[in-house]
Amino acid sequence: MRLPVNDPVALAGVTAAFERYERALNENDVAVLNELFLEAPHTVRYGVAEQLYGYAEIAGFRAARDAADLRRELTRLVITTYGLDFATASCEYRRLASGRRGRQMQTWLRTDAGWKVAAAHVSLLPA
């Protein structure tokens, strides 16, 4: 069986979830950021200086993180769905305060509670 790529309904749903994530990130809305991550022990987030395994570690990191220089603008974004329940979001960004450039990749899974990030990787490019 071949999965449809970029089904319009699936693409619209995950794009809306990604946009909600992006707003929450820029506003440091920790509750929404936590809500959009899959609450499971196998959820993974690799960050600029941290490797987080499981929802509890990710939520703990967000609660303690310094919010300085979080705001950013996206410079490129590619969202692709595979079937109706799986998607990736890949973006490049520029942090507004420092001008630092970075990359982010997320794996999204559609659950009964909506689209959730099951894995993420964030990195900054060398200055």
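Select Y53 to begin: in this predicted model, Y53 has 46% relative accessibility and therefore counts as partly exposed.

Because Y21 belongs to helix α1 while F37 sits in the loop between α2 and β1 (44-46), the pair ties together parts that are 16 residues apart in sequence. Y21 and F37 are both buried.

Stay on F37 and show its surroundings: leaving aside residues up to four places away in sequence, F37 touches Y21, T43, R45, Y55, I58, R62, K116, V117 and A120.

Now widen the selection to the largest nonpolar core, which has 24 residues, and in which V14, F18, Y21, F37, W108 and W115 touch the most other members. The elements giving two or more residues to this core are α1 (8-27), α2 (30-35), α3 (55-64), β4 (86-95) and β6 (114-124), and α1 gives the most, with 7 residues.

Finally, follow α1 along its length. At the N-terminal end, D7 caps the helix, with a side-chain oxygen 3.1 Å from the backbone nitrogen of V9. The buried residues of α1 include A10, V14 and L25, and their cover includes α2, α3 and β3 (72-82). After α1 comes N28, whose phi is positive, near 50°.

How values were computed
Residues are numbered from 1 along each chain as its sequence is written. This is a predicted model: local features need pLDDT of at least 70, side-chain atom pairs count only at pLDDT 80 or more; totals for chains, interfaces and linings use all residues. Side-chain values use heavy atoms; hydrogens and water are left out. A nonpolar core is a set of buried Ala, Val, Leu, Ile, Met, Phe, Trp, Tyr and Cys residues joined through side-chain atoms within 4.5 Å. Buried means under 20% relative accessible area, exposed over 50%, partly exposed in between (1.4 Å probe, protein chains only). Helices (H or I, at least four residues) and strands (E, at least two) are DSSP runs, numbered from the N terminus. Contact means heavy atoms within 4.5 Å. A polar contact is a pair of N or O atoms within 3.5 Å; within protein, one must be able to donate a hydrogen and the other to accept it, and residues adjacent in sequence count only if both atoms are side-chain atoms.
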